[in-house]
Amino acid sequence: MSLGNLIKGFWSHLTVRRKRQLFLLFCLMVLTSFADVLSLGAVLPFLGALTQPEKIFAYQELQPFFKWLQIGSPEDLLFPITMIFVFAVVLAGGMRLLLLYVQTRVSFSIGADLSYQVYRRTLYQPYSVHLSRNSSEIISGVTTKIGLIITYFLNPILVLSSSVVILIAIMTALLAVDPLVSSIAFLGFGAIYLLTILITRRRLAFYSKEISTESNQVVKVLQEGLGGIRDVLIDGTQEIYCKQYRMADIPLRRAQAGSAIIGGFPRYAVEALGMSFIAILAYILSKQEGSMASVITLLGVLALGAQRLLPVLQQAYVSIVQLRSGRESMHDALKLLNQPVNMEPRDARGIALPYKSSIDICDVDFNYAQGSPLILSKLNFRIQHGSCVGFIGATGSGKSTLLDVLMGLLVPTGGRILIDGVELNKKNRKAWQRLIAHVPQSIYLTDASIIENIAFGVPADKIDRARALLAAQQAQISSYIEALEEGYETKVGERGVRLSGGQRQRIGIARALYKQAEVIIFDEATSALDNETEAAVMDAIARLKGRVTLLIVAHRLSTLNQCDSIFELKNGHIGQSKVRLGATDIVPMDRDL
């Protein structure tokens, strides 16, 4: 993607407020350039007052100004002109500092906006998209890639813009002093930078791709190594992950170093050339006829102009190098920013979807990709409101996929799902999901207190404590929590590392009960519990029958003793046998419950 298209895509994701700030920032750049011209213009009278005060004092146009300042002789000129020069230099420096402050604040504020947009758009992606992605790409995009956009894209654009404005102002002032000498100096310096850009452009493109690719790989290795730390320690595979990290990190650092080297080395050649140019010019002018004072004045102006011009040229060059180095990262970030997504909030007012009667599954098929084998095939069954339904089947039979389809996380490839006769679709899916609570096999816990994990997603100051305590009692974990020193305020650690597997799952069950949903889905939710605790939890769950609909996936038939009926899945289809388990049937799915 060309730089112009990247800038256009970047601009489209800025808010009106940020665009207005960038416009004001450009105005500040222009004012800063005027301050630089003022400081450069103040050199002439300052050096003239040092070398030829009589000549300045003789200007008739300045006499009213001299009278106002009560200057009666050429010797009195030096102090006020020195003060004017100092004021101009300090003003220019202050404006540059202000520009740096505003420019940095605006760029990092925009970075925060973009990072938020990427994260928000990612969270609103359909479940099928999340299944097809590696989470390290998203983490890298939100953290590393957005940071690279600031360093290698936004800041360079702002610096380049301000450099161009200041360059134009400085060159205009220098051309007014001596057009020929100023043109030769600018063309000479510019040629060095242009030649360097042409020579290094392919190498910079390579570095750009390396930075983008290896930053993803570094995050991936970190996530895999730390995420599976238990297995890493048991298997003794630390060195394998260290080697993988080093293999990803070294190319990244080399690419970053290469970009930095290319960005820095022309500066020294240009500085040497600039000083040599001024020395040669001084020699040539000294051999010509004329006042030595005039020569000194001209050289002073050119020297100060070069002192201002060279850093600005260097900044512009470095900005171009950084833009080329960050092109691939910017392209990756734009792909995340351009994710098509329905941004309707979950709690937005939408179509009401009451559930009082039944859920009907009608000829439902599902596969993950077009042309791939069907995971679910021609499923037909009805679940009555308030019933408790169990699902069994071998691993890979489609149990969890069926639950994802029922929850609206996956859209059926064929067939329909009806809620009280209303077809589940894109418009009412959020309303349906508000009625559902899900207890998965692996419970995700945040590094927060127990009560915050029970009321997951609810701000701490909005938690209904009485409801949370009741949910903990129903999930058979309240006695354990109350025995802790800090009780419900106890921190569980990252991913609940300070809790046992059974405790984590009971908190997950309490979380579902806290939600007070119409439908609660248990996906192997009691697999980590001992038989006694599982029986107690299932008894508590059974008490909800008649008030809420319970859908339970399990491998053990004993877990499903409380179910009204049990569905058996075999490779996405329905087993034809009918098996009795006490008062419970395992039935084909074409039967109403």
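This note sets out, in numbered points, what a new reader may take from the structure above.

1. Basis of the model. The structure is a predicted model, in which local features need pLDDT of at least 70 and side-chain atom pairs count only at pLDDT 80 or more, while totals for chains, interfaces and linings use all residues. Residues are numbered from 1 along each chain as its sequence is written, and side-chain values use heavy atoms, with hydrogens and water left out.

2. Confidence. The pLDDT, which is the predictor's confidence in each residue on a scale from 0 to 100, averages 77 over the chain, and 77% of the residues score at least 70. Strand β4 (residues 414-419) has the highest confidence, at 91, and strand β11 (residues 579-581) the lowest, at a mean of 39.

3. Stretches to treat with caution. Over residues 345-349 the pLDDT stays under 50, and the model has 7 contacts there beyond four places in sequence; a contact means heavy atoms within 4.5 Å. Residues 576-593 also stay under 50, with 49 such contacts in the model. Where pLDDT is low, the predicted coordinates should not be read in detail.

4. Overall make-up. The chain contains 20 helices and 12 strands. These are DSSP runs numbered from the N terminus, with helices (H or I) of at least four residues and strands (E) of at least two. Of its 593 residues, 46% count as buried, where buried means under 20% relative accessible area, exposed over 50%, and partly exposed in between (1.4 Å probe, protein chains only). Among contacts with a separation of 6 or more, 76% join residues 24 or more positions apart.

5. Packing of α1 and α13. Two packed helices are described by the angle between their axes and the distance between the axes. Helix α1 (residues 3-12) packs with helix α13 (residues 327-337) at an angle of about 40°, the axes being 11 Å apart. Axes are lines fitted to C-alpha atoms, for helices over the stretch in contact, and angles run from 0 to 180 degrees between N-to-C directions. The two helices are therefore oblique to each other; angles under 35 degrees count as roughly parallel, over 145 as roughly antiparallel, 65 to 115 as roughly perpendicular and the rest as oblique.

6. Residues at that contact. From α1, Leu3, Leu6, Gly9 and Phe10 meet Arg327, Met330, His331 and Leu334 of α13. By class, this contact of α1 with α13 has 5 nonpolar, 2 polar and 1 charged residues. Here Ala, Val, Leu, Ile, Met, Phe, Trp, Tyr, Cys and Pro count as nonpolar, Asp, Glu, Lys and Arg as charged, and the others, Gly among them, as polar.

7. Glutamine 117. This residue lies in helix α6 (residues 78-123) and is buried, with a relative accessible area of 17%. Residues up to four places away in sequence aside, glutamine 117 touches His13 and Leu337.

8. Glycine 390. Strand β3 (residues 388-393) holds glycine 390, which counts as buried at 0% relative accessibility. Beyond its neighbours within four places in sequence, glycine 390 is in contact with Ile552, Leu560, Cys563, Ser565, Ile566 and Phe567. Leucine 550 is 160 residues from glycine 390 in sequence, yet their C-alpha atoms are 8.3 Å apart.

9. Positive phi angles. Aspartate 363, although not a glycine, has a positive phi of about 50°; it is found in strand β1 (residues 358-366) and is partly exposed, at 40% relative accessible area. Glutamine 516, also not a glycine, has a positive phi of about 55°. Glutamine 516 lies in the loop between α19 (501-515) and β7 (519-523) and counts as exposed, at 53% relative accessibility.
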